[in-house]
Amino acid sequence: MKHDSVRCVGFDCGNSSVRTVIGLYDGNSVTSEVILQVPNRAITVNGVDFWDILKIFESMQTGLKAAENKYGEIDSVGISTWGIDFGILGTSGHLLGNPLCYRNIFGLKGLESIDTATKKQLFDLSGIQNHPMNSMYQLLGIRDMLPEYYEGAKDILFIPDLLNFMFTGEKGTENTIASTSQLLDMRTQDYSDKIFQVTNLDRSMFHPVVPHGKERGVMLGSIAKHLEIDSTMPFISVPSHDTASAVVSVPATEDNFIFISSGTWSLIGTELDEPIINDKVYDHSFANEGGAADTITLLKNSAGMHILQNVKHELEQLNNRKFEWPELISMASGAGLSVALYDPNHQSLYNPEKMIDAIIALTGESEIERILASSFISLACSYREAIADLEDICGHGFEAVHIIGGGSRNAYLNQLTADITDKPVITGPEEATSLGTIASQVLYHDGSATLKKVRAAVAKGIKTGTFTPGKDFPREETYGKYTRSMDRSKSLS
Ligand code: LFR
């Protein structure tokens with residue numbers, strides 16, 4: 001160790017914020033501080049949603065400089081982001097445009113172009129659920145609808161790969177982010193030639209997988225000079241899909257645990273040594289994504305806080321004032337339980353022009369308090385449904401539910417989850433992704449560290465909460481109302 005503690009910067013770049021976090025590892029525990037948080041949002045241009053990758057890159061540079069100013073020389077950096085999306089580099093080596101956001105019609109068109117039997121084959125080959133947002137389906141849609149992008153493409157870099165490239169000039173990928181493309185065979189966690197053959201996509205655009213714990217490159221001298229910071233800091237191959245990093249920080253000591261990684265999405269699943277690829281997983285729409293240290297995160301991609309984030313945003317625009325979460329939660333809880341419920345994964349909620357109108361159309365509720373209550377309760381019911389499916393797939397029950405990520409701050413939703421699932425809920429850490437990114441760098445610095453050891457080191461530095469199921473909560477009545485509201489043919493998950 002160069003100093004008393006190893007100093008790692010973890011970037012957590014999500015759909016709603018870009019966070020720079022510093023983590024200090026003293027050989028025993030990881031402590032951390034959020035250095036900078038900058039809002040992120042997809043930007044709509046002529047009906048198509050894009051990411052402002054340059055703003056994201058700039059905010060990461062600002063965060064890195066602030067971290068070094070405050071803590072001194074940084075020993076390493078790791079980047080995690082949301083999954084699926086990618087930048088396209090042309091033959092000149094430059095970006096052909098802002099990366100598209102997965103909430104667009106290209107993926108849906110791509111999915112529609114594949115027949116049912118081939119979709120099943122693609123699941124069997126990959127172990128990943130057929131979701132319209134998967135990079136594979138987006139690329140099929142882009143090839144058809146934006147041919148100038150596809151034909152001009154030399155390299156496809158997933159968002160964390162693109163950011164690593166922008167910082168270091170090195171192109172590469174790693175298994176967790178690449179797994180969200182549906183182009184890997186999750187038995188080997190490497191690209192599947194057969195999938196490229198079936199889809200007729202071009203494998204040469206994709207980059208080799210850099211194993212976790214290896215260096216992906218060092219910061220470009222020009223950036224270091226511009227920021228006036230140390231130029232030798234290595235960028236480490238961490239689980240660069242935010243979900244995979246977040247799962248590293250689950251404070252579980254047992255091997256079998258359920259996590260709900262709660263943010264814009266809710267990822268509900270468990271960690272496995274090997275993928276489970278069978279008809280049950282297919283029917284329940286679960287995916288075997290890549291996890292840290294060669295694990296698999298078997299999970300359901302389910303709608304999360306995206307619905308409520310949009311309701312909040314629309315309310316703020318309508319009323320020309322801010323609505324903080326505690327106010328929205330008290331409005332929801334005041335409305336009680338006797339509200340209509342809906343499927344949070346209903347296709348009409350994926351990217352509606354107006355989220356509030358879309359919920360009204362599904363529920364018939366028109367008072368905002370009741371819409372909020374309906375949304376929180378429906379989310380908690382979707383958790384119970386996914387957990388029941390997971391238990392069915394795994395063939396055993398799970399005792400408790402770990403809720404991690406920014407959504408774990410929401411005590412009302414945590415309690416509803418405990419009440420409706422009838423399982424104790426353990427919450428924390430909130431900064432799950434960045435802590436996981438930091439903990440994964442510990443594996444690079446400390447040769448004796450294991451996933452178990454770094455998980456324990458993270459657990460020592462965080463606060464957790466516990467929510468116990470209410471004895472008299474009308475859980476069957478509430479869940480029954482939810483299941484009756486479902487129209488499976490319209491569900492995306
Ligand atoms: C969560 C997440 C999900 C992925 C979704 C879209 O932040 O990474 O795992 O399915 O975003 O990329």
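Predicted model: local features only at pLDDT ≥ 70, side-chain atom pairs only at ≥ 80, totals over all residues.
View 1. V339 counts as buried because 23 C-beta neighbours lie inside 10 Å, the threshold for a buried residue being 20 or more. V339 sits in the loop that links helix 13 (325-334) and helix 14 (355-363). Leaving aside residues up to four places away in sequence, V339 touches E365, R370, A373, S374 and I377. I371 is 32 residues from V339 in sequence, and the two C-alpha atoms are 8.1 Å apart in space.

**View 2**

**View 3. Pairing of strand 14 with strand 16.** Strand 14 covers residues 265-272 and strand 16 covers residues 296-303. The two strands pair in the antiparallel sense, over eight bridges. Within this pair, T270 of strand 14 stands opposite L298 in strand 16.

**View 4. The shell around the ligand.** The ligand has 13 residues around it, of which W82, G83, I84, T243 and W265 come nearest. Helix 10 (242-248) and strand 14 are the elements that give two or more residues to this shell. By residue class, the shell divides into five nonpolar, seven polar and one charged.

**View 5. The hairpin of strand 2 and strand 3.** Strand 2 (residues 17-25) pairs with strand 3 (residues 30-39) in the antiparallel sense, and the pairing extends over nine bridges. I22 is placed opposite E33 in strand 3. Four residues lie between the strands of the hairpin. G27 in this hairpin takes a positive phi near 95°.

Conventions:
Residues numbered from 1 in each chain as written. Pairing = 2+ DSSP bridges. Buried ≥ 20, exposed ≤ 12 C-beta atoms within 10 Å, placed from the backbone. Contact = placed C-beta atoms within 7 Å. Near = placed C-beta within 6 Å. Nonpolar A, V, L, I, M, F, W, Y, C, P; charged D, E, K, R; others polar.
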